[in-house]
Amino acid sequence: MSITSARSWTVRSAGPRPSYRRHLPPALLAACGLAGALALAPTAQAVTPLTATATYDCGAWGSGLATLTAADSGTSKTIKITSTAITMPPGTSADPNSITTTLKLTKTSGGVTSQVQFSGKTNPGMSGGSPITLGPLKLTSGTLAAGDSTNSVVLPAPPSATNWSLQIVASSPTSATVPCVATSNQSVPFVW
């Protein structure tokens, strides 16, 4: 003898369904979002050292010690140049972001030597006698991988349109193209 039990099913009308998802506190959601963004963001690379010095001859703009400051954000590599020995000549001036600067450096990678260039149009306003502040200049020619080193491109004086390690092109209100040669290696090479 078998007993069969019948089940009856009912269909509910459409309406709001209960939610079984757990709700996370807003602070926890924000922390998870930040952690995810940091995981995807490029990591800053360590350049050693952060600063180095080298001497440059810039003709009428002067000659002497310049400080190079390097940085690597993970997406761009930059160098900033400052000098109290190299200055704008009396009677000249430069508006902010009116000087195009190009810096050549020797690159050594796995025993192979080549050149890279950093360039940019970033400067504060300057007038006659002002110490130069140029950059940060971005890597615009060549590549730099972890462990590569860079140093000055030392050239014989005098600097000229075809003989330069650093070129400064001022455009407003003073127009001038100033070639410079590095007269010494950096105090220490940058290792990227």
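A residue counts as buried when its relative accessible area is under 20%, as exposed when that area is over 50%, and as partly exposed in between. The exercises below apply this to a predicted model.

**Exercise 1. Work out how strand 11 (residues 176-182) is placed, and which strands pair with strand 11.**

Solution. Begin with burial: 5 of the 7 residues of strand 11 are buried, so this strand is largely enclosed by the rest of the structure. Next, look for its partners, one of which is strand 1 (residues 51-57), running antiparallel to strand 11 and joined to it by 2 bridges; here Y56 stands opposite A182. Another partner is strand 10, also antiparallel to strand 11, with 5 bridges between the two, and within this pairing V169 has T177 as its bridge partner.

**Exercise 2. Find the disulfide of the model and explain which parts of the chain the link of C58 and C180 ties together.**

Solution. The cut-off needed here is that the two cysteine sulfur atoms lie within 2.5 Å, and the count by this rule comes to 1 disulfide. The sulfur atoms of C58 and C180 are 2.1 Å apart, and these two residues form a disulfide. Because C58 lies in the loop between strand 1 and strand 2 (63-72), while C180 belongs to strand 11, the pair ties together parts that are 122 residues apart in sequence. The link is right-handed, with 115 degrees about the S-S bond, and both C58 and C180 are buried.

**Exercise 3. State how strand 8 (residues 131-141) pairs with strand 3 (residues 77-87), and how strand 8 pairs with strand 6 (residues 112-120).**

Solution. Taking strand 3 to begin with, the pairing with strand 8 is antiparallel and extends over 6 bridges, and T82 stands opposite T133 of strand 8. Strand 6 likewise runs antiparallel to strand 8, to which 3 bridges join it, and S119 has K138 in strand 8 as its bridge partner.

Conventions
Residues are numbered from 1 along each chain as its sequence is written. This is a predicted model: local features need pLDDT of at least 70, side-chain atom pairs count only at pLDDT 80 or more; totals for chains, interfaces and linings use all residues. Side-chain values use heavy atoms; hydrogens and water are left out. Two strands pair if DSSP finds at least two bridges between them. Helices (H or I, at least four residues) and strands (E, at least two) are DSSP runs, numbered from the N terminus. Buried means under 20% relative accessible area, exposed over 50%, partly exposed in between (1.4 Å probe, protein chains only).
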